[in-house]
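Welcome! Take a moment with the sequence and the 3D view, and then let us walk through the structure together.

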Amino acid sequence: MVRTPLTPEEHERGERLGRLLREARGGRSMTDVAAAAGLSAETLRKIETGRAPTPAFFTVAALAGALGLSMDDLLVRCAPVPALGAGDRAA
C-alpha cells in the first residue's frame with residue numbers, strides 16, 4: 001500500500017501537536033510520560049519532534065490522558081490555521 005504524501009498543513013499540524021505535548025510534559029521525563037501513556041519513549045520523541053506528524057487517535061488520547069490534557073483542547077489548538085484569501089485582510 002502506498003501512503004499519500006502529507007500536505008504542508010498536515011506537517012504543520014503535527015509540529016503544533018508536538019510543541020503542545022512538549023510544553024505539557026514540562027519537567028517530566030519523556031520516558032515517564034511515555035510509560036504512563038503505554039508508549040515507547042521513541043514514539044513520543046517522534047511525535048514531539050514532528051517526525052510522526054499524524055499519530056493514531058488512540059496514541060494522542062493516551063498522551064492527553066497521561067498529561068492531563070483534554071482532547072477538545074488539543075483539537076482546538078492543533079486545528080489547521082485558515083489561510084487568508086486574496087480578498088481577506090488580517091485583523
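## Alanine 36

Alanine 36 is found in helix α2, where helices are DSSP runs of H or I with at least four residues, strands are runs of E with at least two, and both are numbered from the N terminus. At 53% relative accessibility, alanine 36 counts as exposed; the cut-offs for relative accessible area are under 20% for buried and over 50% for exposed, with partly exposed in between, using a 1.4 Å probe and protein chains only.

Setting aside neighbours within four places in sequence, alanine 36 is in contact with Arg28 and Ala66, contact meaning heavy atoms within 4.5 Å. The C-alpha atoms of alanine 36 and glycine 65 are separated by 8.7 Å, although these residues are 29 residues apart along the chain.

## About the model

This is a predicted model, in which local features need pLDDT of at least 70 and side-chain atom pairs count only at pLDDT 80 or more, while totals for chains, interfaces and linings use all residues. Residues are numbered from 1 along each chain as its sequence is written, and side-chain values use heavy atoms, with hydrogens and water left out.

## The whole chain

The protein chain has five helices and zero strands, so from the N terminus on its elements run α-α-α-α-α. Of its 91 residues, 27% count as buried. Among contacts between residues at least 6 apart in sequence, 64% join residues at least 24 apart.

## How α1 meets α4

Helix α1 (residues 8-25) and helix α4 (residues 57-67) pack at an angle of about 25°, with their axes 10 Å apart. Axes here are lines fitted to C-alpha atoms, for helices over the stretch in contact, and angles run from 0 to 180 degrees between N-to-C directions. That makes α1 roughly parallel to α4; angles under 35 degrees count as roughly parallel, over 145 as roughly antiparallel, 65 to 115 as roughly perpendicular and the rest as oblique.

On the α1 side, Leu17, Leu21, Ala24 and Arg25 meet Val60, Leu63 and Leu67 of α4. The residues of this contact divide into six nonpolar, no polar and one charged. In this scheme Ala, Val, Leu, Ile, Met, Phe, Trp, Tyr, Cys and Pro are nonpolar, Asp, Glu, Lys and Arg are charged, and the others, Gly among them, are polar.

## How α1 meets α5

What is the angle between α1 and α5? They pack at about 135°, with their axes 9 Å apart, and are therefore oblique to each other. Arg13, Arg16, Leu17, Leu20 and Glu23 in α1 meet Leu74, Arg77 and Cys78 in α5. By class, this contact has four nonpolar, no polar and four charged residues.

## The nonpolar core

The largest nonpolar core has 17 residues, and those with the most contacts inside it are Leu17, Leu21, Leu44, Leu63, Leu69 and Leu74. Such a core is a set of buried Ala, Val, Leu, Ile, Met, Phe, Trp, Tyr and Cys residues joined through side-chain atoms within 4.5 Å. At least two residues of this core come from each of α1, α2 (30-37), α3 (41-49), α4 and α5 (71-78), and α4 gives the most, with five residues.

Beyond its neighbours within four places in sequence, leucine 74 is in contact with Leu17, Leu20, Val60, Ala64 and Leu69.

## Alanine 24

Alanine 24 has its place in helix α1 and is partly exposed, with a relative accessible area of 29%. Leaving aside neighbours within four places in sequence, alanine 24 is in contact with Leu67 and Leu69.
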